[in-house]
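Visitor: I would like to learn how to read a protein model. Can you take me through one, feature by feature?

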Amino acid sequence: MKKILVAAAVMACFGTAGAAEDITVDVAVIGAGGAGLSAAVQAHELGANVVVVEKMAMVGGNTVRAAGGLNAVGTALQQAKGTKDSVEIMFYDTMKGGHWLNDPALVRTLVTKSASSVYWLLAHGGDLRDVGLMAGASQPRTHRPTGGALVGPEVVRTLYTAAKNLKIDVRTNTHAEQILTDKSGRVVGLKVKGKDGTYTIHSKAVVDAAGGFGANNEMVAKYVPRLKGFATTNHPGATGDGLLLAEKIGAQLIQMDQIQTHPTVVPNVGEMITEAVRGNGAVLINKEGKRFFNELETRDKVSAAILKQKDGVAYLFFDSDMQKSLKATNNYIKQKYCLNGATLDEVAGKMGVPADTLKATMDAWKAGKAANKDAFGRADMPRDLDKGPFYAILVTPAVHHTMGGIKIDPLTQVYNTKGQVIPGLFAAGEVTGGVHGGNRLGGNAQADIVTFGRIAGEQAYIFAKQLDAAQAKK
């Protein structure tokens with residue numbers, strides 16, 4: 001987490017707060033996270049004059065906290081690994097993972113355009129050259145920085161560097177207070193408040209990429225009462241502002257009760273341990289020293305299984321072999337919350353679990369790996385987990401992703417409660433609903449924000465140019 005915050009703080013210094021003077025642009029973007037920056041860069045590259053408003057002091061949003069990777073199918077990087085993946089397999093995995101509540105048209109778009117999203121980031125100087133496996137996926141398709149480093153800071157660095165190089169106007173500490181419409185219902189701009197006061201951004205199109213509401217526990221509990229009081233992995237600004245702004249002009253909100261918890265978050269610290277740790281071989285151990293579930297099941301199922309254990313917690317357990325395989329663990333093992341021991345006896349003592357039970361558990365794991373048959377049905381068992389030193393991190397579920405939000409179509413057009421398109425308004429990222437259904441697969445959020453962010457930027461540009469053409473004829 002320290003590295004993530006440092007990266008975000010560095011990026012914050014480039015943001016500029018807008019003066020309290022009205023401005024006119026082609027496209028106004030709400031939110032400078034991954035979706036908003038993708039939209040801004042794409043729209044600008046097509047020829048639009050763009051402004052981005054971000055209420056926080058730094059860019060990045062939840063994206064900068066993302067750890068696992070970006071799911072994509074059919075890239076040369078994936079194919080080089082000899083992976084037997086396809087568009088249909090990724091589509092099926094995503095629909096199944098979302099309990100078939102996903103909008104199939106949105107999922108089809110996500111999947112078919114995922115490879116181009118990776119190539120687009122690579123073309124802008126991003127590093128997504130490592131490909132791994134994450135929970136809920138039947139094939140390795142998670143693209144991440146070399147060595148398995150954290151993906152979020154890399155995606156934000158890549159996008160924000162592109163925005164700076166293009167001289168896109170990014171205004172931090174600037175809060176969107178209202179989406180403006182004309183008498184016909186067409187979106188015509190934003191009312192915003194910066195540090196120097198309130199002003200109007202006149203625009204031909206608006207992209208709402210303000211993110212979800214995972215950090216607004218009152219709103220979370222409104223839709224899912226059992227999550228009242230839950231901790232969150234979200235950044236403080238993820239309070240649902242973009243949803244409320246859109247709702248005020250009639251936007252339809254869907255699947256708002258579909259809220260995901262991430263199963264491996266450090267209690268009282270709030271740091272999320274990336275799913276790639278389990279993907280690279282780590283197991284979950286309860287306070288009795290036993291495994292209890294398939295670690296590569298979907299997040300909702302793993303979260304539920306952990307909550308059934310004593311005190312609603314479990315240990316994420318791995319060895320030095322696994323640790324060396326994933327750069328993302330380098331920071332974890334330096335923290336006080338990470339227990340370690342040269343032997344199983346030593347680490348068991350620090351965990352407070354019976355050493356004999358832990359040894360038997362790991363012997364069973366190793367035997368299952370040798371027989372290619374796990375007692376809990378885990379298909380991928382890449383390591384024996386028998387090489388000291390050993391590591392254990394206490395984890396519990398926390399609110400992680402809000403799958404519900406603004407109803408959009410594959411062109412990111414926003415629909416109102418009457419099922420009609422709201423002209424000039426587009427939306428992308430966690431502020432939208434329908435992409436992930438009842439459960440988001442790890443790695444699909446990054447695919448979502450870049451893929452639909454790019455589409456939103458493209459469509460906002462097209463709408464603006466069509467408006468120019470129509471007005472020129474008058």
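Visitor: How many residue pairs are in polar contact across the interface of domain 1 and domain 2?

Guide: Keep in mind that this is a predicted model. Across that interface, eleven residue pairs are in polar contact, with both residues at pLDDT 80 or more.

Visitor: What area do domain 1 and domain 2 bury between them?

Guide: Start with the general idea. Interface size is often given as the accessible area lost when the parts come together. Here the two domains bury about 1,900 Å² between them. Carbon and sulfur atoms carry 61% of that area. In domain 1, the residues that lose the most area to domain 2 are Leu-133, Ala-135 and Thr-233. Together they make up 25% of what that side buries.

Visitor: How many salt bridges are there between domain 1 and domain 2?

Guide: The general idea is simple. Side chains of opposite charge can pair when their charged atoms come close. Between these two domains the count is zero. A search of the whole structure, however, finds 25 salt bridges.

Visitor: Which residue does Lys-359 form a salt bridge with?

Guide: Its partner is Asp-345, and the closest N and O atoms are 2.8 Å apart. Now place the two on the chain. Lys-359 sits in helix α15 (residues 355–371), while Asp-345 sits in helix α14 (residues 344–351), so the pair ties together parts 14 residues apart in sequence.

Visitor: What links Asp-182 and Arg-186?

Guide: Their side chains meet in a salt bridge, with an N to O distance of 3.6 Å. Asp-182 counts as partly exposed at 28% relative accessibility. Arg-186 is at 19%, so this residue counts as buried. The cut-off for buried is under 20%.

Visitor: How many residues apart are Lys-465 and Asp-468 in helix α16?

Guide: They are three residues apart in that helix, which spans residues 444–473, so about one helical turn separates them. Lys-465 and Asp-468 form a salt bridge, with the closest N and O atoms 3.6 Å apart. Lys-465 is partly exposed at 31% relative accessibility, and Asp-468 is partly exposed at 23%.

Visitor: Which residues do salt bridges with shared partners join into one network here?

Guide: The network consists of Asp-26, Lys-204, Lys-465 and Asp-468.

Visitor: Where does Gly-377 lie?

Guide: Gly-377 is in the loop between α15 and β15 (390–402). At 52% relative accessibility, Gly-377 counts as exposed. Now compare sequence with space. Gly-377 and Glu-297 are 80 residues apart along the chain, and their C-alpha atoms are separated by 9.4 Å.

Technical notes:
Residues are numbered from 1 along each chain as its sequence is written. This is a predicted model: local features need pLDDT of at least 70, side-chain atom pairs count only at pLDDT 80 or more; totals for chains, interfaces and linings use all residues. Side-chain values use heavy atoms; hydrogens and water are left out. Buried area is the accessible area (1.4 Å probe) that two parts lose on being put together, summed over both. A salt bridge is a side-chain nitrogen of Lys or Arg within 4 Å of a carboxyl oxygen of Asp or Glu. A polar contact is a pair of N or O atoms within 3.5 Å; within protein, one must be able to donate a hydrogen and the other to accept it, and residues adjacent in sequence count only if both atoms are side-chain atoms. Buried means under 20% relative accessible area, exposed over 50%, partly exposed in between (1.4 Å probe, protein chains only). Helices (H or I, at least four residues) and strands (E, at least two) are DSSP runs, numbered from the N terminus.
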